[in-house]
Each structure stands twice: as structure tokens, then as C-alpha cells.
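Student: I have a chain to study and some questions to ask. Could we go through it step by step?

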Amino acid sequence: MDPYEKRKEVRRKLRKLEGLPTLPPIVQRLNAMVEDERVSIGQIAELIEKDQVITSKILRLANSAFYGFPRRVSTVQNALMLLGINVIKILITTSSIFEILHKEDVGLWEHSVGVAACAKILAEKVELKEPQEIATAGLLHDLGRVIEKVAFPQEYTQIVELIEKEKKEPLKAEEEVLGINHAEIGAFLMRQWNLPERLIEAVEAHHNLSKAKEFKKEAAVVHLADVLIHARGYGESLYKKVPPLDEKAFKILKLDFSFIKELFFKLEPKLYELKFFTEELKKETEVT
């Protein structure tokens, strides 16, 4: 099958969510409540708290180092006020994906939480609104990789072989096998889930900043965070080397290279805490 036809087939499968984990039933009700201006945060929290598994996941993520709140987040209402409804909606919508990620690919999970932590520091530095939303975009930036692994296992094996045996660049290997790369797959699925365009564009453009039209700064933050976490060697992805840095990211963010030292000074303690967070999840997975 030529890449164009393969791309069409991948999009058709994603549109029907074939081979993907089902969304938690709470998502549909939550979407309706978020759109209704008469609904209060307390009522949304009450709905979420009816699902103990999701409540526990939200509180665990809200208390992890990549959001880095100084005080413990102990209730869903508290998490909603600190993180915002958009972030909570994303965490619920993608909870099944996160579960697969930390169960089946701990290296990619570590990489993703590292990028989230780094993206939040960068977003705060350049004074982007809602830096916790940008951290969540960092967490989701390689969502497409998880989808490739779960929904297209045979093709994923071919991609890994092309990278390992023929030394192909990961994006090119994905496009050769699937006709589409992981950044496009992640963005496509996020649109299917009605997630905010600000986050979708950041994910879609994290390897190609020219794809960012309206949210260039958000895309530059996630791109730079991804490159820096690879350079730090935290977690694993299909890139065995540091992916190419687009220096336009510094221009878009009005940063210079001297900030990198300051960034790592802030980032290292967070990565240290996140290592414990990941180890805890790993132990739980081994027990269950």
C-alpha cells in the first residue's frame, strides 16, 4: 500500500477509534457540563469524585513534580481550581492512554513527564498563560507513539526495525510505514477528543515549528523541552540521539542559550522527584 493510501487508512481507523482504549464513560457527561455555564466547579468535582479510580489518578498527577504545586492537592475541587477545567478534562480523557504508557513503555512515560516538567518551567519563564496547560501538552507530545504501539503493532515493529537496522530517522521511518508521523497522529486524535487547539498545535508542531500558525510560542516551548530532555538523557523514545534543534525556538521565545543553565538548575530537582513517582507506578504495575 502506498503511503497516501496508508495515511487514509490510519486516519479512518483513528476516526473510529479502532484498536484504542475506550474513553471513560464520565468523559461525555463532563464535556456537556463544561459547556454549560450554569454548572459550577463544585458540581463538576462532584461528578468526577463518583469515579474513585479517576479521582485517584487526577490527585496523583496533580501532586506530581511536573505540576510542582508547593502544597498538597487533596480534593478534586482543589485540583480543578489549580489546574483548570481544561487540564482535568485532558487528564481524564487520556487516563487510559497514560495507563498503557506507564505499564508498557516506562521509558517513554519518563521522557513524557520530563518534557512536561521542562515545558512548565519554560512556559513560566516566557510568561505564557496557564503554564500547567503547556505542561500537559508536554505530557501528551508523544501520544502518537503510544497510539502507533497500541493500534498499529505490526507497523510499529516495522518502524523500530527501520530505525535500528537501517538507521532511518524516526519521523521518516514512521512516514514510510504509516504515511503519517506520531506528531500528526497525536494531533489528529486530540481533535477527535475535542481537546483545546492551543495544545493540539503544540503537539502537532513539536518536530516542525513551521506547522504552528496561531500558537507558535506553545509549540516552541514543547519543541525545546523535548530536545532538552533528550539531551539530558531522561527516559527513552524512538530517538537514540538528540532530535534536531530548531534555533527559531529561541527567537520565538526571546530566550538566549545562557538560560539553559538556569533552566537545568530548576529542572534537576523535579526530575529527581519524578523518578520516584515513576518508580512507584512501576512497582504498582508489577504487583497488579
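Predicted model: local features only at pLDDT ≥ 70, side-chain atom pairs only at ≥ 80, totals over all residues.

Student: Is G42 buried, partly exposed or exposed?
Tutor: G42 lies in helix α3, residues 41-49. Buried means under 20% relative accessible area, and exposed means over 50%. At 26% relative accessibility, G42 therefore counts as partly exposed.

Student: How far apart in space are G42 and L80?
Tutor: Along the sequence, G42 and L80 are 38 residues apart. In space we go from C-alpha to C-alpha, and that distance is 9.1 Å.

Student: Where is L17, and is L17 buried, partly exposed or exposed?
Tutor: L17 sits in the loop between α1 (3-15) and α2 (26-35). Its relative accessibility is 30%, so L17 counts as partly exposed.

Student: Which residues does L17 touch, beyond those up to four places away in sequence?
Tutor: Look along the chain at Q192, which is 175 residues from L17 in sequence. In space the C-alpha atoms of L17 and Q192 are 9.0 Å apart. With residues up to four places away left out, L17 touches L189 and W193.

Student: Which residues touch the most other members of the largest nonpolar core?
Tutor: This core has 100 residues. Its largest share, 11 residues, comes from α8. The residues that touch the most other members are I48, F66, I92, L122, I147 and L274.

Student: Why does I147 count as buried?
Tutor: I147 is found in helix α10, residues 143-151. Buried means under 20% relative accessible area. I147 is buried because its relative accessible area is 0%.

Student: Which residues does I147 touch, not counting those up to four places away in sequence?
Tutor: H182 is 35 residues from I147 along the chain, and their C-alpha atoms are separated by 8.2 Å. Not counting residues up to four places away in sequence, I147 touches L14, L20, I97, F152, I185 and L189.

Student: Which side chain makes a polar contact with the side chain of H111?
Tutor: H111 is found in helix α8. H111 is buried, with a relative accessible area of 1%. Among the residues that H111 touches are H141, D142, H230 and D226. The polar contact, at 2.9 Å, is with the side chain of D226.

Student: How many salt bridges does the structure hold?
Tutor: Let us start with examples. D36 forms a salt bridge with R38, the closest N and O atoms being 3.1 Å apart. K6, E9 and E155 are linked in a network of salt bridges. The structure holds 18.

Student: How many residues apart in sequence are the parts tied together by K275 and E110?
Tutor: The side chains of K275 and E110 meet in a salt bridge, 3.0 Å from N to O. K275 lies in helix α17 (residues 259-287) and E110 in helix α8 (residues 106-125), so the pair ties together parts whose separation in sequence is 165 residues.

Student: Of that pair, is E110 buried or exposed?
Tutor: K275 is partly exposed, with a relative accessible area of 36%. E110 has a relative accessible area of 8%, so E110 is buried.

Student: Which helices hold R191 and E204?
Tutor: The side chains of R191 and E204 meet in a salt bridge, 3.2 Å from N to O. The two residues are 13 residues apart. R191 is in helix α13 (residues 182-192), and E204 is in helix α14 (residues 197-204).

Student: What is the angle between the planes of F250 and F257?
Tutor: The structure holds 1 aromatic pair. F250 and F257 form this pair, at 4.3 Å centre to centre. The pair is tilted, and the angle between the planes is 35°.

Methods. Residues numbered from 1 in each chain as written. Heavy atoms only, no water. Helix = DSSP H or I, 4+ residues; strand = E, 2+ residues; numbered from the N terminus. Buried < 20%, exposed > 50% of the residue type's maximum accessible area, 1.4 Å probe, protein only. Contact = heavy atoms within 4.5 Å. Salt bridge = Lys/Arg side-chain N within 4 Å of Asp/Glu carboxyl O. Core = buried A, V, L, I, M, F, W, Y, C linked by side-chain atoms within 4.5 Å. Polar contact = N/O pair within 3.5 Å; in protein donor to acceptor, adjacent residues only side chain to side chain. Phe/Tyr/Trp six-rings, centres within 6.5 Å; stacked < 30°, edge-to-face > 60°.
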